[in-house]
Amino acid sequence: MTGPTVLFAWRRTPPPLLVGGAEVSQQLLAEEFVRAGWQVVYLGSHEAPWNGSAQIGHLRAHLRAHGTVWEETDGEVRYRWNGVSCLAVAQDRVEATLKDLLAEVRPELVVTSQERAADLAALARRSSRVAGWLHSVSANSMGVLHGRPHVALVTSKFVAGRAQAHADTKAVVFYPPFAPAEGAGPLLTTGRGTAGRVPGGLLMVNPIPAKGAALLHQLIRQLPALRFTLVEGWWDTAGEFTAYPNVHWVPRTYAMGPIYAANDLLLVPSQVEDAFPRVIVEAGLHGVPTIGSSRGGIPEAVGDGGIILHPDDVDAWVRAIETADRADLGAKARAGAAPLVRPCLPELAAAGLIPAAAAVG
């Protein structure tokens with residue numbers, strides 16, 4: 001392997017098996033490195049770091065569905081995805097495999113994050129520049145700081161205010177990468193419940209308790225004339241919602257473009273301090289404004305393109321849904337989201353992680 005090399009290393013699955021915003025953000029950045037002419041290696045695990053459950057079956061099925069050839073030897077799965085060389089190993093082999101890769105590919109930069117990333121950062125910083133990516137304010141995400149990465153990439157100003165980096169670590173606000181809005185494509189036709197574009201359609205992604213499921217139940221009941229589209233997130237909560245006649249349930253999907261296009265408002269009623277929800281910007285790129293909770297970095301992501309409310313004020317949410325100027329807020333949401341579709345490598349160069357000359361293809 002020749003030329004500049006970047007190594008993404010963590011204990012979650014490598015692309016293209018996506019679970020949440022962290023996976024999407026890191027995959028987009030990895031693919032930008034590919035377009036800039038870098039050699040990109042992505043080390044992950046085919047076992048979930050939170051409970052050790054096997055993900056290898058899901059990984060094989062996803063690769064097979066996309067016509068991707070893989071090699072599997074002694075518990076290691078190797079394949080290429082959009083130009084990225086991916087490797088998935090068992091959890092107890094992540095550190096040893098990282099050590100081997102550091103010696104083999106000699107990366108100029110290592111990017112690590114999430115579960116027990118401090119150990120990976122400490123190992124990698126002996127030979128490479130290391131970026132620790134703080135995707136949230138949870139202890140799980142902040143933990144990478146204990147490995148003293150050279151730079152902490154904090155995903156919002158809100159996260160920056162919570163990060164307590166060591167003197168050896170430079171903290172830099174680094175908003176997530178975003179791709180241009182997908183073509184609208186066909187309108188919603190799959191899932192459970194009514195489908196198609198309906199004026200006033202309301203969208204929520206990841207309807208679980210931490211993300212505001214209790215408030216969502218009340219809104220669904222109080223606004224029976226409006227269609228709610230709910231997209232499965234971290235786990236399947238369909239059983240809690242599909243009995244409502246005004247709910248359309250969509251299983252987890254990577255093709256969100258048609259779903260944004262079929263709705264007029266995004267609801268983000270989180271009870272927890274979300275760092276900078278990707279869905280807000282993605283919806284904004286489609287001209288869809290957000291009614292969001294006042295928690296965490298949600299107001300920062302919404303900006304002028306929506307309405308911010310306390311997550312427990314049901315009456316205020318009902319009024320906002322009924323009276324929001326969707327056209328005006330949608331235009332502002334699009335204008336606010338557009339600058340986040342940008343080259344990200346120059347920001348890494350400005351942070352001292354990569355040479356400026358290597359930030360462009």
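Visitor: What makes strand 8 and strand 9 a pair?

Guide: In this predicted model, strand 8 (residues 151-154) and strand 9 pair in the parallel sense over 4 bridges; because two strands pair if DSSP finds at least two bridges between them, the pair qualifies. Strands here are DSSP runs (E, at least two residues; helices are H or I, at least four), numbered from the N terminus. Within the pair, Val154 stands opposite Val173 of strand 9.

Visitor: Why is one side of strand 3 and of strand 9 left without a neighbour in the sheet?

Guide: The open sheet has 9 strands in the order 3-4-5-2-1-6-7-8-9, with mixed pairing. Strand 3 (70-73) and strand 9 (170-173) stand at its edges with a single partner strand each, so one side of each has no neighbour in the sheet.

Visitor: How do you know at what angle helix 4 runs to strand 6?

Guide: Axes are lines fitted to C-alpha atoms, for helices over the stretch in contact (heavy atoms within 4.5 Å), and angles run from 0 to 180 degrees between N-to-C directions. On that scale helix 4 (residues 117-124), lying across strand 1 (5-9), strand 6 (109-112) and strand 7 (129-134), runs at about 170° to strand 6.

Visitor: What gives the most to the lining of the second largest pocket?

Guide: Helix 2 (residues 56-65) does, with 3 residues.

Visitor: Which rules apply to numbering and confidence?

Guide: Residues are numbered from 1 along each chain as its sequence is written, and side-chain values use heavy atoms, leaving out hydrogens and water. Local features need pLDDT of at least 70 and side-chain atom pairs count only at pLDDT 80 or more, whereas totals for chains, interfaces and linings use all residues.
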